[in-house]
Amino acid sequence: MKTIIVDIAPRNTKTEDLEARMIELESLVSTYGDTVVVKRIQKRDTPDYHTYVGIGKLEEMINAGEELGAERIIIGNILKPAQIYHINEILRERKSKIQAWDRIDLILKIFDQHAHSPEAKLQIELASIRHMGPRIFGMGMELSRQGWGGSGAMRGLGETNTEIMKRHLRDHELKIIEKLERYAKTRSEHRKSRKRKDLKTVGIVGYTNAGKSTLMNTLTHKWVLAEDKLFATLGTSVGKMWLENKVENKKQKVSEDFSTYAHGKEILINDTIGFIRDLPPELIRAFSSTLEDSIEADILLHVIDASDPKVLEKIDIVDTTLSNIGAEQPRIYVFNKIDNMSELAILMMREQFAELNPIFLSAVSKRGIEELKERIREMVE
Ligand SMILES: Nc1nc2c(ncn2[C@@H]2O[C@H](COP(=O)(O)OP(=O)(O)OP(=O)(O)O)[C@@H](O)[C@H]2O)c(=O)[nH]1
Ligand SMILES: [Mg+2]
């Protein structure tokens, strides 16, 4: 489907930051399968109360989009329920084919496309209710304020409908939460049984598209779908990695005690959903049972696309999200995709991020993988 994308940013935003935002929004759109036909970012310090981007800009974008056959307009930020409602009202009045979404609508649609397990589907449903529910309340308010509510009886009707909708949504939300709690319980039992067996777990976390699933595949020889799409992974998958014991002097050890040499440790690795900027907390909470596996892991691998110009910002987003969900365990910063970088760029990054004590590797070429395994071994022993 052809899509218009539009966003606003404060006047003092750097041009490169504006570009990065638009590129990310565009890649979300293409992940979903749409094609961007018109895009615009406008500098503006405060969003318009009614339409977010401002009525003039909005109409200009709609006109341009309609000429090119667009059927969607996506505003690259989180809008207030009343704002998205207003925009859709304007479109409806124009009898336009275009429908308006905000960035979260788009992310939820992508989640929905990629969700395969019943648990992931439920989590998305919960997140959608939380994101879109208030729009229905907003609509109700609008109905009772405008024409509908002109005289007593009709106003009452508007309000009652809103109340019914609200109650219906709340009941539905509770049912989903109940079902999700059952999944959470099963997971927690699995975790306990792993603990009893003294199986250590490693959780792979990071920004979307950083290469988490690729790294998981490289470490475990498992095949998890990895692709150049945002949110390719939505559920979790667990793989096993075999870590051989460290043997300082192999020959000596082998002759002394062959079993030491032959021994190693099995470690479980969890791959999960990636993070992205500006995810509202209620949306993250909807995925809590999926994220719990990572929060509860013994160590976290924070995978970073080192070749990404917005590397610093993305590390920060992931670290902040992790601390918001209460993940505090030791972590290894893994700077991935170094096969995409020059030796000089790698060297400079090593210096820049020395404090994080990171490991530089390529999940594709496998350079640096042994060093990572070594570090994991040190940390789980
Ligand atoms: N050049 C290069 N590309 C990589 C490397 N690791 C992953 N990629 C590519 O990066 C893209 C994303 O990889 P995934 O493993 O799906 O990333 P992810 O972090 O699991 O992404 P989501 O599940 O969508 O959050 C794919 O096109 C991979 O082939 C690497 O070491 N080098
Ligand atoms: Mg993935």
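Author: On a 1 Å grid over the protein atoms alone, a pocket is an open set of points where a 1.4 Å probe fits, with protein on both sides within 12 Å along at least five of seven lines, and its lining residues have an atom within 4 Å of a point. This is a predicted model, in which local features need pLDDT of at least 70, side-chain atom pairs count only at pLDDT 80 or more, and totals for chains, interfaces and linings use all residues. Residues are numbered from 1 along each chain as its sequence is written.

Reader: What volume does the largest pocket have?

Author: A volume is the space filled by probe spheres set on the points, which are joined across faces, edges and corners; for the largest pocket this comes to about 760 Å³. Its lining has 33 residues, of which Ala20, Glu24, Asp308, Lys310 and Lys314 are the closest to its centre.

Reader: Which element gives the most to the lining of the largest pocket?

Author: Helices (H or I, at least four residues) and strands (E, at least two) are DSSP runs, numbered from the N terminus. Here H1 gives the most, with nine residues, while strand S8 (299–305) and helix H12 (311–324) also give two or more.

Reader: How many residues of the protein chain are buried, as a percentage?

Author: Buried means under 20% relative accessible area, with a 1.4 Å probe and protein chains only. Of the 381 residues of the protein chain, 48% count as buried, and in helix H14 the buried residues include Ile369, Leu372 and Val380.

Technical notes. Chains lettered and ligands numbered in written order. Heavy atoms only, no water. Buried < 20%, exposed > 50% of the residue type's maximum accessible area, 1.4 Å probe, protein only.
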